[in-house]
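Dear colleague,

I am handing over the structure we spoke about, and it is placed just below.

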Protein chains: 2
Amino acid sequence: MRPAEAKGDIKGESKGEHTRRVIISRALGIVSEVGFEGLSIGTLAQEAKLSKSGLFAHFKSKEALQLGVVQELINRYTLQVVQPALAAPRGEPRLRVLFDKKLEWITGASELRGCLLQKASLEYDNRSGHPVRERLVQALQDWREVIARSAQGAIDTGHFRADLDTDQFAYEFDGILMMYQHRHGFMREHDAAERARAAFASLLERSQRRSRPR
Amino acid sequence: MRPAEAKGDIKGESKGEHTRRVIISRALGIVSEVGFEGLSIGTLAQEAKLSKSGLFAHFKSKEALQLGVVQELINRYTLQVVQPALAAPRGEPRLRVLFDKKLEWITGASELRGCLLQKASLEYDNRSGHPVRERLVQALQDWREVIARSAQGAIDTGHFRADLDTDQFAYEFDGILMMYQHRHGFMREHDAAERARAAFASLLERSQRRSRPR
DNA sequence: TGACAAACCGACCGATCGTGCTTTTAATGG
DNA sequence: CCATTAAAAGCACGATCGGTCGGTTTGTCA
């Protein structure tokens, strides 16, 4: 019979599960280099030291492979960006952590270059109905809500003024970070992080209470 | 037969030049659908009603083709976004036109979906040394300077406060627009334009004179 | 340990990729 | 109107694409 495949068994990991993790890990590296659509089975197999068919046995299609990669990306994003923020105290501190962690995520201490979610969203933006696109849309909606709810938390704690539009806050928050991805990753500007932090400081200031008299 | 196609017929244009324009025009459409690297000679030839080799004769390599497409993109961008702004009066009005025109450009009144320059910049962001990348970097630096210089103009005309950091202004200006591309083109949010305009209004307000004492 | 399923491989498929080389067709100029 | 030249087609190449299939190795459990 099948071995007991209880969910989330990291220690008792079967060979196949281990290989699958290796594959997706390598795939992430490739995707960050040649883009999402540029990920090919052959190259990936070579990278993972497997035969094409051996690799293919783990995913019944390329689309499933792409979905797996996207899901892994989302998992890492949640782990490295969202969760540290949720662990921070509510209000402005949480938003600062959220910003800093995403900045780190984009800067890419690891081998990943830039925010692959953003990259992927541009690659799939007119692939209506494509499962990968739908998954990305959902993930990025979740992300937007994380920002907006954190902003609402800052209102509740009294850091932010009560009439702040939290969705508008999320829009500008993410805009600053998207621009950082562009200035840092593509334009290779050395002072991109300073610009981003300055913009964020400005956003925070004008979101705080009694920031402007009328 | 002289196919005087209603499509922009330039007077002293030889056959080859006309065909080249048709090719690049079709290529732009394809690029906006399948991305920049996804542009293939075969598909493009079919679209332009040419044989693969017939098309290939116009560009000695695929890289040259890509460069041609990028250049055409830059030309259109200059024509539809930058020049209308330069025709507007200096100061805040010019910046408003710059913003509106880029918003229209992203929204894509034509068949083009979203800002292909942004799309391309993400596809080539780790292709260091690639001619297409270098061309894009230069174009986007020019764009950044257009914004910054327009902001400087607004300082000179007295609309903006004298101590405004024009580069910081350009950063936030473009960030709002990049976010619009994401919210409109990918997330398909109906109120993306309102969000963008609100963010821009806020940016303008806090750039104006006597908005806040430091 | 033996059996059986999971994991993996090598060969192969048709299609398409970018790119040459040669030939034919069409435009142009004297 | 014809000769020259430019433009496009025809054809073929090696490589790679996603994907299939039959068989072999290897891990796991009774």
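What follows goes through the pairing of the chains, the core and the surfaces near the DNA. Please keep in mind that this is a predicted model.

I begin with how the two protein chains are related. Chain A is superposed on chain B by a rotation of 180 degrees with 0.0 Å of shift along its axis, and the RMSD of that superposition is 0.1 Å. The two copies are thus related as by a two-fold rotation axis. Among the residues of chain A, Gly175(A) comes closest to this rotation axis, with its C-alpha at 2.4 Å.

Turning to the interface, 30 residues of chain A are in contact with 30 residues of chain B. On the side of chain A that touches chain B, at least two residues each are supplied by α6 (116-123), α7 (131-156), α8 (166-186) and α9 (192-207), and the largest share, 11 residues, comes from α8(A). By residue class, this side of chain A divides into 11 nonpolar, nine polar and 10 charged residues. Because 100% of the interface residues of chain A are also interface residues in chain B, the copies meet through the same surface.

The core comes next. The largest nonpolar core has 92 residues, and those with the most contacts inside it are Ile176(A) and Ile176(B). If residues up to four places away in sequence are not counted, Ile176(A) touches Ala196(A), Ala199(A), Phe200(A) and Leu203(A), and also Gly175(B) of the other chain.

Finally, the DNA. The surface near DNA strand C receives at least two residues from each of α1 (15-34) and α3 of chain A and α2 (41-47) and α3 of chain B, and its residues divide into five nonpolar, 12 polar and six charged.

Around DNA strand D there are 23 residues, and here Gly42(A), Lys62(A), Gly16(B), Ser53(B) and Gly54(B) come nearest. At least two residues each of the surface near DNA strand D are supplied by α2 (41-47) and α3 (52-56) of chain A, together with α1 (15-34) and α3 (52-56) of chain B. The residues of the surface near DNA strand D divide into six nonpolar, 12 polar and five charged.

With best regards

Key: Residues numbered from 1 in each chain as written. Chains lettered and ligands numbered in written order. Predicted model: local features only at pLDDT ≥ 70, side-chain atom pairs only at ≥ 80, totals over all residues. Near = placed C-beta within 6 Å. Helix = DSSP H or I, 4+ residues; strand = E, 2+ residues; numbered from the N terminus. Nonpolar A, V, L, I, M, F, W, Y, C, P; charged D, E, K, R; others polar. Contact = placed C-beta atoms within 7 Å. Least-squares fit on C-alpha atoms with pLDDT ≥ 70 in both. Core = buried A, V, L, I, M, F, W, Y, C linked by C-beta atoms within 7 Å. Buried ≥ 20, exposed ≤ 12 C-beta atoms within 10 Å, placed from the backbone.
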